[in-house]
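Hi there,

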There are 2 protein chains.
Amino acid sequence: MAKGVVPHMLHAVSHYLDPFLDKIEVRDKLTDDEKAALRALPQKLVRTAARSRIVEEGERPTHACMVLEGLVYRSKVAADGRRQIISFHVPGDMVDLHTVLFKVADHTIETVRNAAIVLVPHAAVLKTAEEVPALARAFWYDTLLDASIQREALLNVGRRDARTRTAHLFCELAVRLKRVGLVNGGSFELPLTQTDLADALGVTPIHTNRVLAKFREQGLLTFSGRSVTIPDWKALAALGEFDPTYLHLEGPSDLHL
Amino acid sequence: MAKGVVPHMLHAVSHYLDPFLDKIEVRDKLTDDEKAALRALPQKLVRTAARSRIVEEGERPTHACMVLEGLVYRSKVAADGRRQIISFHVPGDMVDLHTVLFKVADHTIETVRNAAIVLVPHAAVLKTAEEVPALARAFWYDTLLDASIQREALLNVGRRDARTRTAHLFCELAVRLKRVGLVNGGSFELPLTQTDLADALGVTPIHTNRVLAKFREQGLLTFSGRSVTIPDWKALAALGEFDPTYLHLEGPSDLHL
DNA sequence: CGGTTATTTGACTACGATCAAAAATAGTGG
DNA sequence: CCACTATTTTTGATCGTAGTCAAATAACCG
């Protein structure tokens, strides 16, 4: 550490994992020792360009990672090259905790645009999980939540029509972004292309375009640049059959943005 | 325990969780103490009728559970009543470890026909996870594997056509059933209706029927009663784009049944 | 400003859905 | 064990959501 760095700064840079901590503490208060153990994890901040591959299917990663800034998604690819986006990840999400226990990554993780990712060595995660049960539980919880979100996505793609699916996805993203303070009065930045959305929804980009055009026409969504606005939350949530139970939000969850 | 029960019998009935233990030990050897801790969990065996609901969406279960015998599935239901089966579970699977950390169940768990389910109180699972890190890791691993299987299901439903999806599902079930000794020379019992399959595949039962009829005609699958045979594993796996990486099998995995 | 990427529109196609009903199978009770 | 009932499977005909192919327009970026 360079001489002359003030304690305040030092404090700030060594707590990259605080967004994850905040997420934990919504449901489970941690003791000071437990918090200290999380913060003591060796961690490395990586700033990425847009469309950077953090983890690639088939790889054997050595680090777990958290999203600090930006939007990230997991995806898998079918034999003919068609991509399915499994889930999106917002700041505070431990986007790769899976490879801590799996030797080989079963999916790819990429950033949508430039992002900040915190890397923690697998060995350190495992050691801390062994030594601090509350953190083991926190890691476990985060991956269970991922699984729940994936189940809802499967219901969405398997059993809802394109309009409903699309509305549902926007509702989910809005709620999750709001939780981390990235929604202002019903608006949020969403740097996804229509092809990204299509790949998450299991439809073609052409069809996605038509669905979105209709939404705009009907005042269900408004776009300007990379920013999306939901003018009428209740209408969109109703159309998307959006029930946030699967997000296992605890504490006061004011849904209407 | 009734007087006169011989030690051998006593031994047998108190180890309902051994199928889970076997699953763990394929990848992670446990010490005798760790095994003892798992076996020491308070456990209750429940025998169910066909189509019994073990956990219902919205409920607050008090016990975790493992499949000991039979076939079990998770499902969610869309607003119009259409059901999506998320995943199937075979003996040795900890089918409900989710509600240990989630207060409210986000999906329903049902048996296909009569089954044997082992129940373990949430509190005991949590306590053991805290005290025995190797078991915490084993529980975590099992839910991570669930998540991986769900990701593949999402790719399947979102990005593969009905024939490919169907072939893939049969391949997965064959591999998972084989792991627990329920496949004999390419044949296994599969008491699912075509409606069940359709709900897992995100298609209608009518279409499932047509796909299966074609498979039979082409010699890709053979049915007799509730038993299915895969006469040509390589052909079915190729059609289903089946790559078992996502099952994170370790040790010798002889795929061709 | 020029090249690339993303969005939009149009025409046509097809996979799988829907509606309807018959045939087969499995369960159930007498 | 057989008749009766319910469920499941099968078949046929028609429909529609979303896919495909193609190309123009618009937005973005260096």
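This is a predicted model: local features need pLDDT of at least 70, side-chain atom pairs count only at pLDDT 80 or more; totals for chains, interfaces and linings use all residues.

Residues are numbered from 1 along each chain as its sequence is written, chains are lettered from A and ligands numbered from 1 in the order in which they are written, and side-chain values use heavy atoms, with hydrogens and water left out.

**The sheet in chain A**

Chain A has an open sheet of 3 strands in the order 1-7-3, with antiparallel pairing. Strands here are DSSP runs of E with at least two residues, helices are runs of H or I with at least four, and both are numbered from the N terminus; two strands pair if DSSP finds at least two bridges between them. At the edges are strand 1 (44–48) and strand 3 (63–69) of chain A, each pairing on one side only. Strand 1 and strand 7 (residues 115–121) of chain A are joined in the antiparallel sense over 5 bridges, and A:Thr48 stands opposite A:Ala115 in strand 7 of chain A. Helix 4 (residues 122–131) of chain A packs on the sheet, where it touches strand 3 and strand 7 of chain A (contact means heavy atoms within 4.5 Å).

**Two helices in chain A**

Helix 7 (residues 194–201) and helix 8 (residues 205–217) of chain A pack at about 100°, their axes 8 Å apart. Axes are lines fitted to C-alpha atoms, for helices over the stretch in contact, and angles run from 0 to 180 degrees between N-to-C directions. The angle therefore makes helix 7 of chain A roughly perpendicular to helix 8 of chain A (65 to 115 degrees). Among the residues that meet are A:Gln194 and A:Leu197 from helix 7 of chain A, and A:Asn209 and A:Leu212 from helix 8 of chain A.

**DNA strand C**

DNA strand C is surrounded by 15 residues, and the closest are A:Gln194, A:Asn209, A:Arg210, B:Ala162 and B:Thr204. Of the DNA strand C atoms within 4 Å of the protein, 68% belong to sugar or phosphate and the rest to bases. A polar side-chain atom of A:Arg210 lies 2.5 Å from a base nitrogen of DNA strand C. For B:Ala162, a polar backbone atom is 2.8 Å from a phosphate oxygen of DNA strand C.

Happy to go through any of it with you.

Best wishes

Definitions and conventions: Angles under 35 degrees count as roughly parallel, over 145 as roughly antiparallel, 65 to 115 as roughly perpendicular and the rest as oblique. A residue is near a molecule or strand if one of its heavy atoms lies within 4 Å of it. A polar contact is a pair of N or O atoms within 3.5 Å; within protein, one must be able to donate a hydrogen and the other to accept it, and residues adjacent in sequence count only if both atoms are side-chain atoms.
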